[in-house]
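Here is a short briefing on a protein model. Look over the sequence and coordinates before reading on.

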Amino acid sequence: MASGIMDVIANALNLITSAFDAPTGAIIFGVPIDGHLMFEALLVMVIVFQLTKKSHKPPKKPLTEKEIDELCDEWVPEPLTSDSTEETMIEPPTLESAAGPHVIVDGKDVVNFASANYLGLVGNKNVIDSCVGSLEKYGVGSCGPRTFYGTMDVHLDCEARIAKFIGMPDCALYSYGFCTIFSVIPAFSKKGDIIVADEGVHWAVQNGLDLSRSTVFYFKHNDMKSLEAIFEKITSRIKEPEKVRRYIVVEAIYQNSGQIAPLNEIVRLKEKHKFRIILDESHSFGVLGNSGRGLAEYCGVPNEKIDIITAGMGNALATDGGLCTGSVGVVNHQRLMSSAYLFTASLPPYLASAAIGALEYLEANPSVLTKLRANIAFLLKELSDVSGLATVSHPLSPIIFLKLKKSTGSNKTDMHLLDSITNQVLKEHSVLIVTTKRSSLDKCPLPLGLRLFVSASHSESDLVKAAASLKKVAAVAFS
Amino acid sequence: MVRLPYTTALTTLFSYGLLFVFGQLRDFFRKLLGWIRKPKDQLKGYAPICLGLEDFYVRRLYLRIQDCFGRPIASAPDSWFDVVERCSNDNNKTLHRTEKTSRCLNLGSYNYLGFAAADEYCTPRVIQSLKEYSASTCSTRVEGGTTKLHVELEELVARFVGKEAAILFGMGYVTNSALIPCIIGKGGLIISDSLNHNSIVNGARGSGATVRVFQHNTPSHLEEVLREQIAEGQPRTHRPWKKIIVIVEGIYSMEGELCKLPEIIAVCKKYKAYTYLDEAHSIGAVGKSGRGVCELLGVDPADVDIMMGTFTKSFGSCGGYIAASKEIIQYLKFSCPAHLYATSMSPPAVQQVISAIKVILGEDGSSRGAQKLARIRENSNFFRSELQKMGFEVLGDNDSPVMPIMLYNPAKIPAFSRECLQQNVAVVTVAFPATPLLLARARICISASHTREDLIKALEVISKVGDLIGVKYFPAEPPKHLNQGHNKLE
């Protein structure tokens, strides 16, 4: 019995092993194919079938026209501008005569500390005569951009004159001082480049930095240690220094604080780390240095070390427009790549004549700079003991900046307080001084304050009157 | 619209290709020489200002024809002026002024109403204001730079344009680039025409808002873009847009076309988008009384939210303005950086605009304004129709004083410019990057100070030069009028 079952099991096992060992396969078209190959072929066909089937995606339902109509009807836009608040109601004073050291406002004679007329050229007879000649010859506007018959011989003369004055090989003239810097920066620095800028630069520089799309690092206002730390950080991170352009942007005299940039230190650092410097000399051109050539002359730095100098001519030169100088390569590059040079009408010719006249005056009368410096020193001394306000500007800066000793907490209330002081000073004492204004788009973190623009044509009695009136009003406001 | 025939496109591409190949060859040799000569020590370690191919176009293409651009002049940009001749010793790389000048007919300056030179009504008043207020106020508008003249001009501009209030800026370019960031920011949408001016593009970029472009002067595409954008919302978050502004120009300076303003305003009103109209070239030059495209096309100025314009073209001065409702202008006076930080407009320039507007409105007691407006319309229409009859491809609409003549091939650009200058006609030629690569053109700007004889002489010269270099792409009509003109001159 047991052997019978054993036999059956043995037979079954034999059958199974023989089935495994049996040579499987068929002979197709005279070619022997093993069985496992057919099985694998079947598997491959299943895989291919699965791959070619599309995966199930939920059906895409684009919005129907009716739904878009509903969305468009429902959408409510914000008003174009926010509601005006109390601040917007303050009207600036309307001048009724030239903006010299004395000006007429509302029929009264007022001492004017609101115009950046540093060399006293507003009202200068020679300059006005050359402008009249220019107006009669060329008319007012130039009616065309520089590339399309807007270049007049006056422009070329002006550029040559300015270049000779500063000591650079060439100069490019822009038609408006404000747009010079925010057009120069994007012309030289593009996406992927690196810019290091002072945090106290004014709005036009900030706009230029935004438009250039470069990576921007800010260092603490006029703080060389902060600048050095940032330089070290950047230089250690750059992998290909020959392909990344690096710039440092500073102002010679900062509009927002009256400080002067320490150019010697900056040049030393920039040469060590291979940066190029863009220097905005709007308020120092015609003011600093023994002959008024600007910050480089004052600090004793040779011109070749400064790569790009820009300046607005609406200050010391008492005209309008802007300039940008540098090496020949720098200036030529701008003439072809700078948007505010190419896509806009050129400077009115009479303003270019005024600039030439201003430079001639400055070269013939360098003593005007000594007078300006004496005025600044005198006024600073007089303002050293005003209650509630402290002078923070550099002793050589023609912008005297007074900030609140103790801030009220917010920019808005600070501005209120300062505005009330300037209003009172104007109404009761006939002296025109101004508060720094901050646009809502401005990112500058420096505090607000009062500004006095000192001119070489202010007399001592003007300065005494200004200081005395400010002291009186401040004493009442901060008591 | 431009119809570019295939043969012309092929030849133009071939020319550019050839120039490109030669340029690359020269670059290759420059690199070789650069390895042989050592670089200057002081520039070692610095990245060069222009890397690689960034300035290829400038170095290899533009510099060859540099003498056609930037020609200096030695007199006022009136209908006839003195062009200073320049010479070059190194094949156009650098150009030097000479003392010689030649008297040429001016077809390039933006002098639409003829206020460019000294004018009998405007100039004495400008000189008077110069003596009174000096050349500059050296201060910003909000500090000590607002004079009586500025206040007067703002009221006058608002009255002229037909809006409630206006604000002045010292430069037209700055008006756009410093204003757009003020009225729109992140979370907003700007839809601008594809051929808008560089200042608008810069302003839109600087604002931080999302920018979309619609096909040039096509209100139906604008509607498509608006519907799509409102339905989608902001990118990625799909929140609804804070506000939408559509920016168009009155006359497009490279095409000479008028904007399709009534249709665009209708679309914007339907979808509650704000409109911004840049009338740099059209204010003072078109319209029965010079009030711009709104008057010409019959659009009510109250339907346009913000109207911008410049004083450079029709008023012979400098600067720009914005005209809008009282609330918007008040807001701008408080927050626009160009108003708070920039030197105020020069007082003599302000006086020039005041006098020019008074002449245009007839408030100076004469009819010179109406005469000028009629003359520029006549001149533009006459010139355009004659050019078209001669077989030139001229762009632009009727009544527009800007007329581009298509050239296409790069070699025709300097040929046209130099040949015309030899015959004492000064024209402006425009190529890449101001226009698309294949569509180079010569642009004529007509002025009210051109007389009929001036125009006939210009037509003669352009016709001769056109035959010489082969830019008469269309069949010409038999020249009946011109023969009469010939006889008149002889």
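This is a predicted model: local features need pLDDT of at least 70, side-chain atom pairs count only at pLDDT 80 or more; totals for chains, interfaces and linings use all residues.

Residues are numbered from 1 along each chain as its sequence is written, chains are lettered from A and ligands numbered from 1 in the order in which they are written, and side-chain values use heavy atoms, with hydrogens and water left out.

**Contact between chains A and B**

- Chain A brings 103 residues to the contact and chain B brings 104 residues (contact means heavy atoms within 4.5 Å).
- About 9200 Å² is buried between chain A and chain B, and carbon and sulfur atoms give 64% of that area. Buried area is the accessible area (1.4 Å probe) that two parts lose on being put together, summed over both.
- A:W75, A:L80 and A:Y149 supply 11% of the area that chain A buries against chain B, more than any other three residues.
- Between the two chains, 34 residue pairs are in polar contact, both residues at pLDDT 80 or more. A polar contact is a pair of N or O atoms within 3.5 Å; within protein, one must be able to donate a hydrogen and the other to accept it, and residues adjacent in sequence count only if both atoms are side-chain atoms.

**Salt bridges**

- Over all chains the count is 33 salt bridges (a side-chain nitrogen of Lys or Arg within 4 Å of a carboxyl oxygen of Asp or Glu).
- Four salt bridges lie between chain A and chain B. One of them joins A:D69 to B:R227, with the closest N and O atoms 2.7 Å apart.
- Within chain A, A:E232 and A:K272 form a salt bridge at 3.6 Å, N to O. A:E232 is in helix 8 (residues 224–237) and A:K272 in helix 9 (residues 263–273), 40 residues apart.

**Strands**

- Helices (H or I, at least four residues) and strands (E, at least two) are DSSP runs, numbered from the N terminus. Two strands pair if DSSP finds at least two bridges between them.
- Strand 5 (residues 151–152) of chain A runs parallel to strand 1 (residues 72–73) of chain B, joined by two bridges. There, A:T151 stands opposite B:P72.
- Chain A has an open sheet of three strands, order 3-4-15, with mixed pairing. Strand 3 (102–105) and strand 15 (431–432) are at the edges with a single partner strand each, so one side of each lacks a neighbour in the sheet.

**Record annotation**

- UniProt (unreviewed entry) lists residues 6–25 of chain B as "transmembrane region". The span is 100% helix, and its end C-alpha atoms lie 29 Å apart.

Technical notes
UniProt positions are given in the numbering used here, feature names are shortened, and annotations may be inferred rather than shown by experiment.
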